[in-house]
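Let's take the overall build, then the helix packing, then a few single residues.

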Amino acid sequence: MLRQLSASDPRFKTIDFHDGLNVLVADTTSTSRDTDSRNSAGKSSMIELLHFLLGGGGDKNSLPAHRQLRDTTFGLRLDWPGIPDGLRVQRSASRTTAISLRPMPPGAAPDQLDLGAGEIQLPEWQRLIERDLFRLPTEHPGVSGRALLSFLMRRISSHAFNGPTRTHSRHSDAEGTTNLAYLLGLDWQLADRYRTLKARETTSKQLRNAANDPILGRIVGKASELRGQIAVAEHRVNEVERQVAGFRVVPEYENLRRRADEMDQRIRALRNQDVLDRRNLADLEKAVEEAVDPDIAYLESTYAELGVVLSDQVRRSFADVEAFHNSVVRNRRRYLGEEAALIRTRLTEREAERERLGTELATVLRALNEGGALDALTTLQQVLAQEQAMLAALRHRYEAAQALEASRRSIATDRIALQQATEADIDECRRIVDEAVVLFAEFAQTLYGEGREAYLRFSPGDSSLRIDPHIASDNSGGIGNMVIFCFDLTVAVLGHRGRRAPNFLVHDSHLFDGVDERQVARALTLAAEVARREQMQYIVTLNSDELDKAVRRGFDPTGRVLEQRLTDAYESGGLFGFRF
């Protein structure tokens with residue numbers, strides 16, 4: 001049970017709670033003006049502070065984080081399992097992650113390096129609440145202490161009064177009913193499968209939309225297109241694998257390549273030299289043909305015709321000249337012949353060298369053609385790895401595309417199986433279900449009589465476990481609020497009986513907006529009786545005029561109205577003792 005709500009600011013109105021029914025009244029004063037209002041007295045603020053002290057986030061938009069409250073330390077005393085004198089919790093928005101506990105609960109893990117003595121981090125405090133107040137197992141996906149507390153202390157700021165099975169406008173039905181299943185004693189893990197199924201369905205829908213997008217579709221792809229891409233990629237991989245398998249590393253590859261280049265250049269140089277020598281040889285052969293012995297026989301006939309008779313001495317001179325010239329011609333022919341012979345010898349030698357170089361070059365080129373260098377093999381292996389990676393990525397995309405295209409059928413099949421399992425669980429938990437149904441109907445009939453149809457229905461839905469509390473009405477908002485009242489009372493009682501929840505329930509006065517004064521009186525009387533019978537605590541905030549109406553309709557406030565009252569006095573009447 002909750003025992004006391006306090007603050008370090010002396011202006012704060014400390015609230016002491018007791019067992020059973022606790023009514024926190026917002027009253028008017030003798031000096032109240034028509035323009036004053038009890039709507040800012042702090043009724044909802046009390047519930048906000050309880051959430052803050054019991055592990056609420058305390059972000060910058062929360063009430064304790066207001067600049068005029070940020071340095072205030074708020075405190076809560078409450079009963080705690082294993083601590084006979086109870087536990088005191090203190091927390092400030094200026095150090096929102098630090099929780100002060102006196103005494104420290106067994107099994108707590110304080111971090112002395114970051115915090116002071118007797119202080120723990122917020123996540124550890126939330127864990128202790130889950131362990132000791134709700135007895136959650138170590139692993140509890142889909143269920144949290146914060147969500148469970150939200151059903152026991154609904155907040156108007158999170159629109160918790162919009163419906164009975166949700167306490168936050170952003171929460172799904174699956175999230176709400178999973179936590180309710182735990183409080184009621186049903187298979188909450190089975191109920192949580194709706195949440196994971198919904199997550200799968202959402203992801204599948206997003207991926208289908210992405211597959212139809214002209215840009216994202218290139219990433220997601222379609223199975224029919226990916227099949228063709230995979231076939232092409234497999235062919236490329238096989239081709240590169242064949243090249244790698246047949247690759248032979250040639251030792252001294254670079255030396256051989258240089259040797260081949262040198263031999264090729266040498267062969268080209270020899271051919272160029274042959275061209276020059278053949279041209280020189282042709283010139284020499286032509287010069288040999290032109291080198292002939294001088295003919296002087298025509299001289300005697302010429303001189304005879306002229307009537308000149310050559311003497312023997314002249315004839316001897318001509319003979320000497322002829323012999324000299326014949327000697328010169330013979331020497332020239334011999335020289336030219338020797339030069340031509342040298343050229344022919346060089347041509348023959350170069351031809352032999354070309355044949356030798358050609359044979360050697362062919363051998364080197366064959367070796368180079370059949371293999372390669374080690375770095376060439378490494379490069380080829382890198383190309384193979386890239387192609388294999390691309391093929392693997394295509395196969396993964398293909399599998400994802402197949403799974404995506406089959407997701408609708410799979411989700412539909414899983415939903416049917418989950419609905420069947422949920423139906424079977426409801427049948428197996430018939431005792432618990434019947435207890436909840438009877439309890440809710442009892443509460444509803446206490447408020448509206450036995451003639452009003454009222455039931456609590458459990459069924460497997462499409463997106464969540466369906467928990468439908470119902471009281472027949474003519475679309476009255478007040479009756480809808482009383483559905484929440486009866487439902488919350490049922491959940492709190494069954495959670496406490498099963499030791500799955502603490503023994504308190506807190507309601508804001510907004511719950512009674514639009515409710516007939518007769519039902520308000522009966523609801524308060526019912527809450528007092530249930531709290532007494534079940535050894536629980538029910539805390540509710542009310543305006544004084546609503547309380548007066550309930551008293552006139554038969555509600556007995558004796559011992560149930562808290563001594564501390566809030567008022568509409570502008571400056572000091574509210575919970576915090578000052579206006580901000």
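Helices here are DSSP runs of H or I with at least four residues, strands are E runs of at least two, and both are numbered from the N terminus. Counted that way, the protein chain comes to 15 helices and 12 strands. Keep in mind that this is a predicted model. Of the chain's 580 residues, 44% count as buried. As for contacts between residues at least 6 apart in sequence, 70% of them join residues at least 24 apart.

**Helix packing**

Two packed helices are described by the angle between their axes and the distance between the axes. Two pairs are worth a look:

| Helix pair | Axes come within | Crossing angle, roughly |
|---|---|---|
| α12 (residues 430–448) and α14 (residues 517–534) | 8 Å | 140 degrees |
| α4 (residues 173–184) and α13 (residues 477–497) | 7 Å | 50 degrees |

How do α12 and α14 lie to each other? They are oblique, because angles over 145 degrees would be needed for roughly antiparallel. Their crossing is right-handed. On the α12 side, the contact is made by Leu439, Glu442, Phe443, Thr446, Leu447 and Tyr448, while α14 brings in Gln519, Arg522, Ala523, Leu526, Val530 and Arg533. Sorted by class, the residues of this contact are 7 nonpolar, 2 polar and 3 charged.

Now for α4 and α13, whose axes cross at roughly 50 degrees. That makes this pair oblique as well. Leu180, Leu183 and Leu184 are the α4 residues that meet α13, and their partners there are Phe487, Val491, Leu494 and Gly495. The contact of α4 with α13 has 6 nonpolar residues, 1 polar and no charged ones.

**A covered helix**

How many residues of α1 are buried? Helix α1 (residues 43–53) is mostly covered, with 10 of its 11 residues buried. The buried set is Lys43, Ser45, Met46, Ile47, Glu48, Leu49, Leu50, His51, Phe52 and Leu53. Just after α1 comes glycine 55, with a positive phi of about 95 degrees.

Tryptophan 188 is part of helix α5 (residues 188–212). Is tryptophan 188 buried or exposed? It has 10% relative accessibility, so it counts as buried. Leaving out residues up to four places away in sequence, tryptophan 188 touches Pro137, Glu139, His140, Pro141, Val143, Thr178, Ala181 and Tyr182.

Serine 100 belongs to a strand, β6 (residues 98–102). Its relative accessibility is 10%, so serine 100 is buried too. Which residues does serine 100 touch, not counting those up to four places away in sequence? They are Arg88, Val89, Gln90, Gly118 and Glu119. With glutamate 119, the C-alpha separation is 4.3 Å, although serine 100 and glutamate 119 are 19 residues apart along the chain.

**Cysteines**

A disulfide is a covalent bond between the sulfur atoms of two cysteines. How many disulfides does the structure hold? The count is 0. Cysteine 429 has a relative accessible area of 15%, so it is buried. Cysteine 486 is at 0% relative accessibility and therefore counts as buried.

Conventions
Residues are numbered from 1 along each chain as its sequence is written. This is a predicted model: local features need pLDDT of at least 70, side-chain atom pairs count only at pLDDT 80 or more; totals for chains, interfaces and linings use all residues. Side-chain values use heavy atoms; hydrogens and water are left out. Axes are lines fitted to C-alpha atoms, for helices over the stretch in contact, and angles run from 0 to 180 degrees between N-to-C directions. Angles under 35 degrees count as roughly parallel, over 145 as roughly antiparallel, 65 to 115 as roughly perpendicular and the rest as oblique. A crossing is left-handed if the near helix is turned anticlockwise from the far one by less than a right angle, and right-handed if clockwise. Contact means heavy atoms within 4.5 Å. Ala, Val, Leu, Ile, Met, Phe, Trp, Tyr, Cys and Pro count as nonpolar, Asp, Glu, Lys and Arg as charged, and the others, Gly among them, as polar. A disulfide is a pair of cysteine sulfur atoms within 2.5 Å. Buried means under 20% relative accessible area, exposed over 50%, partly exposed in between (1.4 Å probe, protein chains only).
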